[in-house]
Amino acid sequence: MKNNSDLFYLCSLIEFIGRTQKQKRGDVVTKLGTETLNRIYKYADTLHCEPIAQTADNFISMCQIPEGRFDNVANCHYEVPDYWTIGEVYERLIEDISENDTIIDTTRQVFTSWIDGAISNYNSDFFYQSREYIKECYLAGEVL
């Protein structure tokens, strides 16, 4: 299941919402909830036809995602990676570790785990590392 474009869109949308609302990505996933995550994943091929900002606004309103204080974009001292780049990092990790769980279960596990903080730290080079390295770090429970 490599290069799952629906998962890529879901992860990128989560990243976009997190940046817009200044929320940790795990908190965004929790606020969206399983039913909404399933719906985004199921209809990603249609949702991507709209501007991502519009789609994000719809889900922010529907799920009442408040503005928080987590602003990793403003805290970045270097060039900020775009939300598509970070969405791809999450997508690859989820693809690489997903076994018998559903994609949505694995998505929730990844975004609410310790690795969200490592990927969201744009002042490090962690998100630029190879997918194999990121997977091994996730499985080890720490940056190796």
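Colleague: Is T106 buried or exposed?
Modeller: This is a predicted model, by the way. T106 has 1% relative accessibility, and the cut-off for buried is under 20%. So T106 counts as buried.

Colleague: Which helix holds T106, and which residues does T106 touch?
Modeller: T106 is found in α6, residues 103-111. Leaving aside residues up to four places away in sequence, the contacts of T106 are I94, I97, S98 and D101.

Colleague: How are α2 and α6 oriented to each other?
Modeller: Their axes lie 10 Å apart, at an angle of about 170 degrees. Anything over 145 degrees counts as roughly antiparallel. The two helices, α2 and α6, are therefore roughly antiparallel.

Colleague: What residues meet there, and how do they divide into nonpolar, polar and charged?
Modeller: On the α2 side you've got R25, G26, V29, G33, T34, L37, N38 and Y41, and they meet I103, I104, R108 and F111 in α6. The residues of this contact of α2 with α6 divide into 6 nonpolar, 4 polar and 2 charged.

Colleague: Why do the buried residues of α4 line one face of the helix?
Modeller: In α4, residues 52-62, the buried ones are I52, T55, A56, F59 and I60. Look down the axis of α4 and its buried residues fall within an arc of 135 degrees, so they line one face, and the value to remember is that 135 degrees.

Colleague: What do those buried residues of α4 pack against, and which residue follows the helix?
Modeller: The buried residues of α4 pack against α1 (5-21), α2 (25-42), α3 (44-47) and α5 (83-97). After α4 comes a residue with a positive phi, near 50 degrees: Q64.

Colleague: How many aromatic pairs are there, and what is the Y83 and W84 pair?
Modeller: The structure holds 8 aromatic pairs. For Y83 and W84, the ring centres are 5.0 Å apart and the planes sit at 45 degrees, so this pair is tilted.

Colleague: Which residues do ring pairs link into a cluster, and how accessible is W84?
Modeller: Ring pairs link F8, Y9, F16, Y83 and W84 into a cluster. W84 itself is partly exposed, with a relative accessible area of 32%.

Definitions and conventions: Residues numbered from 1 in each chain as written. Predicted model: local features only at pLDDT ≥ 70, side-chain atom pairs only at ≥ 80, totals over all residues. Heavy atoms only, no water. Buried < 20%, exposed > 50% of the residue type's maximum accessible area, 1.4 Å probe, protein only. Helix = DSSP H or I, 4+ residues; strand = E, 2+ residues; numbered from the N terminus. Arc of directions from axis to C-beta. Contact = heavy atoms within 4.5 Å. Phe/Tyr/Trp six-rings, centres within 6.5 Å; stacked < 30°, edge-to-face > 60°. Axes fitted to C-alpha atoms, helices over the stretch in contact; angles between N-to-C directions. Parallel < 35°, antiparallel > 145°, perpendicular 65-115°, else oblique. Nonpolar A, V, L, I, M, F, W, Y, C, P; charged D, E, K, R; others polar.
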